[in-house]
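Thanks for coming. I will go through one model today, starting with its order of elements and then its helix packing. Here it is.

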Amino acid sequence: MVKWRCLICQYIHVGDTPPDICPVCSAGKDKFVRVEEEGGNDSDSGEKNTIKEKSPRKGLYSLLTDTLTKHHAHPISVHFPNGVIPIAVVFVIIAFFMNNRSLMEASYYNTIVVLLSLPVVLFTGFVEWQKKYNGALTKFFIIKIICGIIVFISSTGLVVWYYFQPEIFSSTQAGRWLYLLVNIFMLVGAGIAGFIGGKLVFKD
Ligand SMILES: [Fe+2]
């Protein structure tokens, strides 16, 4: 059997031919190169087979982004919103069905925490995508970016909405089900982004 390496995410596939689509990052077949077993370099029919590092930019920005990537700042930071979002959504659901003001308020503050964490999460995600995956725009990365945007827009909308309509949990309020739906969107967006992130980290 032959080993093939994905140039985008470094996933190793074993088989006579490379997979049509990388199961980890969804890169196409053309992004796979054959791995030589005897200590030689990978082969890719003449094309240079390593991901070309962009010439490092000198200065504080480069130092910062290198450090963030080296120490896995994105997976670390993303656990803050991803840990809080399910709680915020569960609180909203209970608040809606039990007409509970306290849980609604708790959800609001949790969503503020989500919103405050997002600049770091989105920035470190962008940096890691650029540095580790060369900014590859495969289907999985596009989905991940869209999910990040959904979480940002949803959490911003929910915080602003609650600020102007704190009685939204009450059964007499118009738009309450839309408010709940936006919460679900936020949760699903974070879940899908986390699922793809897990594939990229664990390569399975
Ligand atoms: Fe890949």
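Reading from the N terminus, the elements of the protein chain run β-β-β-α-α-α-α-α. That is five helices and three strands, taken as DSSP runs numbered from the N terminus (helices are H or I with at least four residues, strands E with at least two). This is a predicted model, where local features need pLDDT of at least 70, side-chain atom pairs count only at pLDDT 80 or more, and totals for chains, interfaces and linings use all residues. Residues are numbered from 1 along each chain as its sequence is written.

Now the packing. Helix H2, residues 73–98, and helix H3, residues 101–133, have axes that come within 8 Å and cross at roughly 155 degrees. Axes are lines fitted to C-alpha atoms, for helices over the stretch in contact, and angles run from 0 to 180 degrees between N-to-C directions. H2 is therefore roughly antiparallel to H3, a label for angles over 145 degrees. The residues in this contact divide into 20 nonpolar, eight polar and one charged. Nonpolar here means Ala, Val, Leu, Ile, Met, Phe, Trp, Tyr, Cys and Pro; charged means Asp, Glu, Lys and Arg; the others, Gly among them, are polar.

Residues in contact (C-beta atoms, placed from the backbone, within 7 Å) include Phe140 and Trp161 of H4 and Tyr179 and Met186 of H5. By class, this contact has 15 nonpolar, seven polar and one charged residues.

Key:
Parallel < 35°, antiparallel > 145°, perpendicular 65-115°, else oblique. Contact = placed C-beta atoms within 7 Å.
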